[in-house]
Amino acid sequence: MRFALTFMALYTVVFAVDLLLLRALQPSWWQRRWLRRLLYGQFPLAVLGAALWLISRAYGFNNLLAVGWGLLAVLSLYLGSLLISLVLSSPVLLAHKIWSRIDPPSAPARRAFLGRALATVPLAGVGGVTYGLARSSSGADLREIPLHFANLPAPLEGLRILHISDIHIGPYIGLPDLEKLLLRAEALKPDLALITGDLCDHMPDYLDALHLLEALPTRLGNYCSLGNHEYIRGVRRVRRLFAQTTLPLLVD
């Protein structure tokens, strides 16, 4: 619950900064009524998402969790991409505004072109997020990447390392998805598995996920490390869960 409230507070700060930068640096965008309505209108949706998230946590409604967290996560991605676009373009935008005041008669066509070009920067961020969201709906990739090292010791020739990271089991990815992924990975016959954090966003599933990883057959073992989400969710609790398995947890 504390995490949900902190996330919403951060969202509110980013929302306010976005509005401020848009109004100050992108007047051509800010003058569009539909854009202002879109920006102002998404904030109540974010509050609704946070409320559903909190209710789902309090009463264990997983369906509400998927809706609430999903709504807030998608809105946050768009809001964050807009902030990054505005911050990256702000030095050029400020220079453009200052130069236009210092020397207004010179090269008006060039300045107008630059102004229009800079106005498209936020669109690039929105387009990138949209592509990422569409791409995330597809299945997980299992890519075989050959690595070559000079003077590699003979016993390591042909070593097959399985690297799994950022599964984020929660509203959209469940334990059955991890099980299917591990069955596909098992067919590759890895010698060694490395699981590098951010395994679960839904803590009740964490131990079951560890048991699935524990059961993956490899010749040299399966090793884990922590990700930032393990610290966000409570690293002490996570380490107690690891202690209930035979998986080696590598810390620092």
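1. Let's start with Gln42, which sits in helix α3. Keep in mind throughout that this is a predicted model. Gln42 comes out as buried, because its relative accessible area is 10% and the cut-off for buried is under 20%. Its side chain reaches the backbone oxygen of Leu39, at 3.0 Å.

2. Who else does Gln42 meet? If you set aside the neighbours within four places in sequence, Gln42 is in contact with Tyr11, Phe15, Leu75 and Leu79.

3. Staying with helix α3, which spans residues 33-59, have a look at Ile55, also placed there. Ile55 is partly exposed, with a relative accessible area of 36%. Together with Tyr59 and Phe61, Ile55 makes up a nonpolar patch on the surface. The accessible area of Ile55, Tyr59 and Phe61 together is about 330 Å².

4. Now for some backbone angles. Asp198 is not a glycine, yet its phi is positive, at about 55°. You'll find Asp198 in the loop between β2 (192-196) and α8 (206-214).

5. Asp252 lies in the segment after β4 (249-250). Asp252 counts as exposed, because its relative accessible area is 100% and exposed means over 50%.

Definitions and conventions
Residues numbered from 1 in each chain as written. Predicted model: local features only at pLDDT ≥ 70, side-chain atom pairs only at ≥ 80, totals over all residues. Heavy atoms only, no water. Patch = residues over 30% accessible without salt bridge, like charges linked within 9 Å, V, L, I, M, F, W, Y side chains within 5 Å. Areas by Shrake-Rupley, 256 points an atom, 1.4 Å probe, with all protein chains shown as cover. Salt bridge = Lys/Arg side-chain N within 4 Å of Asp/Glu carboxyl O. Helix = DSSP H or I, 4+ residues; strand = E, 2+ residues; numbered from the N terminus. Buried < 20%, exposed > 50% of the residue type's maximum accessible area, 1.4 Å probe, protein only. Polar contact = N/O pair within 3.5 Å; in protein donor to acceptor, adjacent residues only side chain to side chain. Contact = heavy atoms within 4.5 Å.
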